[in-house]
Amino acid sequence: MKLVFATNNKHKLQEVRDILGSGVEVLSLSDIGCNDDIPETADTLQGNALIKARHIYSKYNVNCFADDTGLEVEALEGAPGVLSARYAGDGHDSEANMHKLLQNLTGKSNRNAQFRTVIALIIDGEEMLFDGIVKGHITEEKMGEAGFGYDPIFVPEGYSESFAQMSSDEKNSISHRYRATKKLNDYLKGDL
Ligand code: IMP
């Protein structure tokens, strides 16, 4: 089976290919010659994942999937959520995003948060959604250097290390993206 993943992020492609295994050929946007900057204008993760998948399906007529991820913080009513990449402005600046989040949580005792990934799959025009959640909390300050995005300030439930203090294998075995991709895999293999 061939599926286009609406991304050019090499790290995500590798992670997804590892989980889906050799039975699914995962193509990137550049593999199909797509250079479109698909606008993510929805106000939910599901909405944005669907916008991207529908764009690819209708323009290229190929079976495909797209993902969208957000960090949802309880004390901030789910913010930054769908705006996670641009929380501190359009610069997609992780340092600025983390700084803003830590500022907005100053003095708050509830630091519960979760990462959530939504994957939208379209096969022969049929749409399916899968989500993956990892619960945890936001630290008082940055811990660790590895990873990306909000990793230095997120500690998953049951752990004392932040995502940025874990090896990529360890993070990838419990992450939101891993969990959503596992559901996609189970569905494709007929187990869901
Ligand atoms: P995307 O939908 O995968 O592009 O994720 C949107 C934003 O969420 C990213 O720009 C990051 O700020 C944040 N994010 C997504 N996944 C992770 C992760 O695994 N660790 C830390 N931050 C993440």
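Mentor: The backbone nitrogen of Asn-9 sits 3.0 Å from a polar atom of the Thr-7 side chain. That is a polar contact: N or O atoms within 3.5 Å, where within protein one must be able to donate a hydrogen and the other to accept it, and residues adjacent in sequence count only if both atoms are side-chain atoms. This is a predicted model, where local features need pLDDT of at least 70, side-chain atom pairs count only at pLDDT 80 or more, and totals for chains, interfaces and linings use all residues. Residues are numbered from 1 along each chain as its sequence is written, and side-chain values use heavy atoms, with hydrogens and water left out.

Trainee: Where is Thr-7 placed?

Mentor: In the loop between strand 1 (2-5) and helix 1 (10-20). Helices (H or I, at least four residues) and strands (E, at least two) are DSSP runs, numbered from the N terminus.

Trainee: Is Thr-7 buried or exposed?

Mentor: Buried, at 9% relative accessibility. Buried means under 20% relative accessible area, exposed over 50%, partly exposed in between, with a 1.4 Å probe and protein chains only.

Trainee: What is Thr-7 in contact with, leaving aside neighbours within four places in sequence?

Mentor: Lys-12, Leu-13, Ser-28 and Leu-29. Contact means heavy atoms within 4.5 Å.

Trainee: Now Thr-106. Which loop?

Mentor: The one between helix 3 (94-104) and strand 5 (112-123). Thr-106 is exposed, with a relative accessible area of 57%.

Trainee: Which backbone oxygen does the side chain of Thr-106 reach?

Mentor: That of Gln-103, at 2.8 Å. Further along the chain, Glu-140 is 34 residues from Thr-106, and their C-alpha atoms are separated by 8.4 Å.

Trainee: Zoom out. How many helices and strands?

Mentor: Five helices and seven strands. In sequence order the pattern runs β-α-β-α-β-β-α-β-β-β-α-α. The radius of gyration is 17 Å, close to the 16 Å that the globule rule gives for 192 residues, so the chain is as compact as a globular protein of that length. That radius is taken over C-alpha atoms, and the rule is 2.2 Å times the number of residues to the power 0.38.

Trainee: What box do the C-alpha atoms fill?

Mentor: Roughly 50 × 30 × 25 Å, along the principal axes. Of the 192 residues, 45% count as buried.

Trainee: And contacts between residues at least 6 apart in sequence: what share joins residues at least 24 apart?

Mentor: 54%.
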